[in-house]
Amino acid sequence: MAKKAPKKEEPKTDVQNMLEKMPQEMKDKLGATKAKLDTFTKQVLDKFDKYIVGISLLPPPRADKKPEDQEFNPSKINILILVDDSDSQKMSKEELSVKLTAIIEKTAADIDKDMAPQIMLLSELRDVCYDSKYDLLNMIAMSAPVYDPKDLLAGLKISELHKNMTIKKFEKYILSYVAAGSLFRGEKSNDIDVYVVIDDTDVKKMPRAELRDKLRAIIVSMG
């Protein structure tokens with residue numbers, strides 16, 4: 001009877017290698033933080049399941065970016081809760097945000113006093129994009145999704161990365177980079193639709209149609 005070949009081990013990921021090299025104290029801290037996040041996520045979803053479209057762990061605060069009237073706290077756990085307010089009719093968006101914030105902040109405080117939830121309505125996220133608040137978009141893109149049923153947070157992370165690559169390569173020609181389509185309407189989607197508006201006013205060496213096709217091929221390949 002032929003012997004089965006030994007099962008080939010999968011190569012370890014960068015994250016797995018990093019975790020193996022991490023001091024035990026830091027591993028314990030990460031494990032404790034994850035347990036708190038899991039508890040928080042479950043309690044928030046139990047209360048507001050159909051309205052929550054994303055929960056994400058935001059990057060740690062930077063000491064040089066804190067408001068002057070706030071003390072820097074390196075233990076603070078910043079969490080983004082993205083709320084779908086598209087069918088909010090019984091109260092204004094401001095009232096909805098205030099009400100949700102009060103309940104979710106109490107939920108977080110009961111789990112850990114250093115847990116700091118930040119509520120953002122989908123309409124507010126769109127306003128952030130319209131108002132060109134790129135620092136906030138970049139912070140969301142750097143976050144670690146904890147709950148993302150429609151892949152909206154993942155879509156923001158990917159499109160932000162692709163945007164940065166596109167601008168780096170064609171910076172002086174880019175007028176606008178727009179993420180659109182069903183995903184950014186809050187619907188489940190298998191793809192990310194983006195539009196890149198190019199300034200071609202000083203292009204003389206080739207027809208515009210040829211330029212568009214060449215640029216599209218490069219930008220798509222980066223995607």
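Author: Helices (H or I, at least four residues) and strands (E, at least two) are DSSP runs, numbered from the N terminus. The model is predicted, so local features need pLDDT of at least 70 and side-chain atom pairs pLDDT 80 or more, while totals for chains, interfaces and linings use all residues. Residues are numbered from 1 along each chain as its sequence is written, and side-chain values use heavy atoms, with hydrogens and water left out.

Reader: Fine. Where is Ala 179 found?

Author: Ala 179 sits in strand S5, residues 174–180.

Reader: What does Ala 179 touch?

Author: Not counting residues up to four places away in sequence, Ala 179 touches Ser 159, Phe 184, Asp 193 and Val 194. Contact means heavy atoms within 4.5 Å. Ala 179 and Tyr 195 are 16 residues apart in sequence, and their C-alpha atoms are 6.5 Å apart in space.

Reader: Zoom out. How many helices and strands does the protein chain have?

Author: Seven helices and six strands. Along the sequence the pattern reads α-α-β-β-α-β-α-α-β-α-β-β-α. Of the 223 residues, 31% count as buried. Take the contacts between residues at least 6 apart in sequence: 61% of them join residues at least 24 apart.

Reader: Now the sheet. In what order do the four strands come?

Author: The order is S3-S2-S1-S4, in an open sheet with mixed pairing. S3 and S4 are at the edges with a single partner strand each, so one side of each has no neighbour in the sheet. On average, neighbouring strands are turned by 30° against each other, direction ignored. Two strands pair if DSSP finds at least two bridges between them.

Reader: How many bridges join S2 to S3?

Author: Seven, and S2 and S3 run parallel. Leu 80 stands opposite Gln 118 in S3.

Reader: Which strands does H2 lie across?

Author: H2 lies across S1, S2, S3 and S4, at about 165° to S1. Axes are lines fitted to C-alpha atoms, for helices over the stretch in contact, and angles run from 0 to 180 degrees between N-to-C directions. H4 (residues 122–130) lies across S1, S2 and S3, at about 80° to S3.

Reader: Back to H2. How many residues does H2 have?

Author: H2 has 25 residues, 24–48. H2 reaches 36 Å from first C-alpha to last, close to the 36 Å expected at 1.5 Å a residue. That expected span is 1.5 Å times one less than the number of residues.

Reader: Which residues of H2 are buried?

Author: Thr 33, Leu 37, Phe 40, Thr 41, Val 44, Leu 45 and Phe 48. The buried residues of H2 pack against several elements, including S1 (52–57), S2 (77–83) and H3 (93–111).

Reader: And Ser 97, buried or exposed?

Author: Ser 97 is buried, at 14% relative accessible area. Its place is in H3. Leaving aside neighbours within four places in sequence, Ser 97 contacts Leu 121 and Glu 124.

Reader: Last one. At what angle do H6 and H7 pack?

Author: About 140°, with the axes of H6 (residues 152–170) and H7 (residues 208–222) 10 Å apart. That makes H6 oblique to H7. Angles under 35 degrees count as roughly parallel, over 145 as roughly antiparallel, 65 to 115 as roughly perpendicular and the rest as oblique.

Reader: Which residues make the contact?

Author: His 162, Met 165, Thr 166, Lys 169 and Phe 170 of H6, with Leu 215, Ile 218, Ile 219 and Met 222 of H7.

Conventions: Buried < 20%, exposed > 50% of the residue type's maximum accessible area, 1.4 Å probe, protein only.
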